[in-house]
Number of protein chains: 2
Amino acid sequence: MVTYSAPLDDLRFVLRDLHDYGGRVAALPGCEEATVDLLDAVLEEAARFCENELLPLNQPGDAAGCSLENGVVRTPDGFKEAYRAFREGGWTGLACNPEYGGQGLPKTLQFLVSEIICSTNLSFGVYPGLSHGAYHLLERCASDEQKATFLPNLANGTWSGTMCLTEPQCGTDLGLVRTKAEPAEDGTYKITGTKIFISAGEHDLTDNIVHLVLAKLPDAPPGIKGISLFIVPKFLVDADGGLGARNGVVCGGLEDKMGIKASATCVLNFDAAEGTLVGARHSGLRAMFTMMNMARLTVGLQGLGLAETAYQSAVAYARERLQGRALSGPAHPDKPADPIIVHPGVRGDLMTMRALTEGARALAFWVALELDRAERHPDPLERQAADDLVALLTPLVKAALTDIGFDVANLGVQIFGGHGYIRDNGMEQLVRDARIAQIYEGTNGIQALDLVGRKLVQDYGRPLRRFFHPVREFLEANQTNPELAEFVQPLAKVFGRLQRATLWLAQKGLSDPEEAGAAAGDYLRLFSHTAFAYLWARTAEVSFARADGLAPEFYDAKLATARFFMQRILPQSSGLFAAIMAGKGPTMALDAEAF
Amino acid sequence: MVTYSAPLDDLRFVLRDLHDYGGRVAALPGCEEATVDLLDAVLEEAARFCENELLPLNQPGDAAGCSLENGVVRTPDGFKEAYRAFREGGWTGLACNPEYGGQGLPKTLQFLVSEIICSTNLSFGVYPGLSHGAYHLLERCASDEQKATFLPNLANGTWSGTMCLTEPQCGTDLGLVRTKAEPAEDGTYKITGTKIFISAGEHDLTDNIVHLVLAKLPDAPPGIKGISLFIVPKFLVDADGGLGARNGVVCGGLEDKMGIKASATCVLNFDAAEGTLVGARHSGLRAMFTMMNMARLTVGLQGLGLAETAYQSAVAYARERLQGRALSGPAHPDKPADPIIVHPGVRGDLMTMRALTEGARALAFWVALELDRAERHPDPLERQAADDLVALLTPLVKAALTDIGFDVANLGVQIFGGHGYIRDNGMEQLVRDARIAQIYEGTNGIQALDLVGRKLVQDYGRPLRRFFHPVREFLEANQTNPELAEFVQPLAKVFGRLQRATLWLAQKGLSDPEEAGAAAGDYLRLFSHTAFAYLWARTAEVSFARADGLAPEFYDAKLATARFFMQRILPQSSGLFAAIMAGKGPTMALDAEAF
């Protein structure tokens, strides 16, 4: 009962009309081949592959899960074949460096493919997603020798990667890592310890698995300043690049999880496993964070992808499920009942799903384009500006989009009624799969602290201005535009709230970090509302102009959805603002012992 | 990792201090024995039973689920023994009529026991819950002969009951029922058709199952006016009350669901099964609705019960999980890290969970007491007043409390982080179990329509006044009370919004029912916020007075939680109000074809 076809029109609209992919990415050095036409071709090919190969495996994969026997993890039926096709289709190396066999395409295209993968099979997407993260970390931080050994195999997908951070006693607080690295005489290290929650930690899709492991050297200073990063391959690699002996790392258990059951979440036991140091000693966390920011954006796309599938499925069901009559009188007197899409309550839920999903897409691809500009723009000032914006918006993309993924998936279940609760119908799987995205790669609470405690104060507020300036410019440019008034006014209102809340935070938070902490979650939500309002107002502007070749109905629908967002969702920002301004008092009044 | 002990103090506070159980229920005719002391005894005994017998079965029951073989459904290991102990403990007949072997205790006590059952094992609670509903329907609508045959066995729990409404083509819209009832010559009926989603439709806990089935007689008028109600027992009952032949109803399938996996959700195939008519021909739906209102309140308690367990578990975890340091400096420098309860974000989530859960309890038991007064008060005007209030608040209890159950369970998972996503830790089960309560017994969207389309307009708004008057009186009595000002002011504000929204609805909704439909969901939420604000303000009043024998810290904590609700949750009502007043325009602007 899950219905999905890739939202080609909306992706085209967001990339081309709204964010000017042609002018802002395709024109960058090294992107000469990544034209708007190529974007279209990638889009259509990704849609075809994911709809035909990945979507049919999604529900069976959830039902079967992964299995572990004698340390060997098997993915559900069909995953191996699908992964091979995925690899052979060149999807693993899309945005990798041609020097290492990649196609060198912009990250924007990678994001686009990721959204469609997540819509069709989130569990499958975890495997190449992790490899992609490992690839980028090594490309940035590894030695030339390490790069030569590992990057081509990660780019062509014959090997995969992992991030081994979490241990039983530490998740968020990596200063508590206990895994040890003992220097060996040959310059390698012996890694010993237990890592948990390792996605793709063991599986049968690739010939080798490249574990990136945080561990402590014997002379490590305490806390996060004493963490080093190591490459620990499942199979050791010979001098000639061939696979050698099995390394001392085994999968000690598979987690039975709420969702993403076809994604193997492993306990990994390292027992004097051979590893090589990446980068400098004791500086592993910084390297890992490089990877984590990218990973956080990818997790945001997971929320977006699932929201899209939930929305499309709910629309299809609401059109076909006959139940009751329209409040204004029978809409289809020839049928035993009207389709439930006639009911305003259902319609309101669908509009909410639509407005959140399309808004999420507009935000995600804004950041995607900036990511490419941060990497490739010839002007260092432009690169800096783009990098600032990516840094600022990353916690928003991660937290807001994963909340949207979960909320929209739940609305989807609700529209299906009792049928949504039945596993065979596939809707409740979306909810279970979406739930993890709010947690991993830094819980959404951690994202809020990252925004408030790090991004706001960074470089004297420079990243913040990268967002405030374009919003202010847009407001100023359109303040007397009667056509846009219905969008500009609510944007101005929420922007004013965000500015006041930011000022309040800057004052209060400096003297008392608990004030910032107590406000952080609601502040992130208020910020997201403002970003969505800005993007919906810009969407309205573009839709009035009907810039590109989409059907008039497409632009009409955009305007209707923008109005719904402004009038029926955005008002929530007043409650968020009030909650922020209430300060930490009510939150911290009760002693920890009194709960 | 799930932690629960029955919240005895809060239940006592809500029943005695806040709602004056002693003066308002124990003083009713027939409740002479149901003293405050008895309430305490029932509370403690229910807590003991549920904590010791039901809670340990909850997670294994989820893992094992029910099984179906040759039409026989087996509940998970331990359920049979627990049910026998439950029955032998007299819990099935607590609020049943002594004439039929029940204990004749007030429904308030039944509610109290239900909350604790739902906290410890929702799947288990479904079985006696359905029987309870069937009992009350038959007590109200069945013939004396039917009562004599069925009620004692339902009251003592040797038989159980079901509600057979839903069919593949109809859930909400029962006018579409296709199950047929053919009159036989002996005055019985032959029932033929398929019912789906039948909770407790087949299982191994009781000797017989009493199906209450909606079906159509050959001469039935179309739609909901043509539905009759039948008793169809699994085993036919002899003239002397003994069990006879197996009736023509078999379990054709068990649903594999998102949650409540130990509760058997059955496809039931009726093939010329023998049934007897309950009440008049073609008037089955009204009888069923009698049962459904009670069932809706019970479902609200499911949300409350799960919220309580999630809250307690999250508090326990937040106290023991060491991760990171307090923003204001190490709180436990002797430990490797501080417990996460020091973090304002975690604290804010816990306060939210606490405020919603305790508020939900205050609302649920307000209605419970009124239910007893509606049944037993000697003054018909008082009975009417209580009945009105129950009718008005039933959709709120169902929808708001099940939303709270789901939201609080999700906050619980979030506080556990990655560990919350792992099945063994039990937190994600709360989410999956809670999800159904927003759907069954009328989706929460249907509750909103019930409130707006039926309860508001009923008897020229009389039920509404039963809520508005006490709120207004409270506000007037306390408008110059400086101690209560911080609670009275926000209550006055949200009450004003509710009054304006109600007036708007009355005007708009009369001329255009789609306006009422588009506002309904947000209106129900605004109404719930107002009810919670009223109950929290009254809680504050009672807590200042420190009426009863609870510890001073208890009342201090109530005041702190009331403040949190007023300052950090209630502000959401402004967004709800704005969304309502936006009207149906933005919701209905997009044609059904344009989605």
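This is a predicted model: local features need pLDDT of at least 70, side-chain atom pairs count only at pLDDT 80 or more; totals for chains, interfaces and linings use all residues.

Modeller: We begin with the surface: chain A has an accessible surface of about 20,400 Å², and carbon and sulfur atoms account for 51% of that. Residues are numbered from 1 along each chain as its sequence is written, chains are lettered from A and ligands numbered from 1 in the order in which they are written, and side-chain values use heavy atoms, with hydrogens and water left out.

Colleague: What percentage of the residues in chain A are buried?

Modeller: Buried means under 20% relative accessible area, exposed over 50%, and partly exposed in between (1.4 Å probe, protein chains only). Of the 595 residues in chain A, 65% are buried.

Colleague: How many helices and strands does chain A have?

Modeller: Helices (H or I, at least four residues) and strands (E, at least two) are DSSP runs, numbered from the N terminus. Chain A has 18 helices and 11 strands. Its radius of gyration is 24 Å, close to the 25 Å that the globule rule gives for 595 residues, so chain A is as compact as a globular protein of that length. The radius is taken over C-alpha atoms, and the rule is 2.2 Å times the number of residues to the power 0.38. Along the principal axes, the C-alpha atoms of chain A fill a box of roughly 80 × 60 × 60 Å.

Colleague: Is Thr309(A) buried or exposed?

Modeller: Thr309(A), in helix H8 (residues 284-320) of chain A, is buried at 1% relative accessibility. Beyond its neighbours within four places in sequence, Thr309(A) contacts Val2(A), Thr3(A), Tyr4(A), Ser119(A) and Leu430(A).

Colleague: Where is Asn70(A) found?

Modeller: Asn70(A) is in the loop between strands S1 (67-69) and S2 (72-74) of chain A. Asn70(A) has a positive phi of about 50° although it is not a glycine, and it is exposed, with a relative accessible area of 77%. Asp459(A), also not a glycine, has a positive phi of about 45°. Asp459(A) lies in the loop between helices H12 (444-455) and H13 (462-478) of chain A, and is partly exposed at 37% relative accessibility.

Colleague: Which residues line the largest cavity?

Modeller: On a 1 Å grid over the protein atoms alone, a cavity is a set of points where a 1.4 Å probe fits but cannot get out; lining residues have an atom within 4 Å of a point. Grid points are joined across faces, edges and corners, and a volume is the space filled by probe spheres set on the points. There are 4 cavities of 30 Å³ or more, and the largest cavity holds about 50 Å³. Its lining includes Met258(A), Arg423(A), Met258(B) and Arg423(B).

Conventions. On a 1 Å grid over the protein atoms alone, a cavity is a set of points where a 1.4 Å probe fits but cannot get out, and a pocket is an open set with protein on both sides within 12 Å along at least five of seven lines; lining residues have an atom within 4 Å of a point. Accessible areas come from the Shrake-Rupley method with a 1.4 Å probe; for residues, only the protein chains shown count as cover. Contact means heavy atoms within 4.5 Å.
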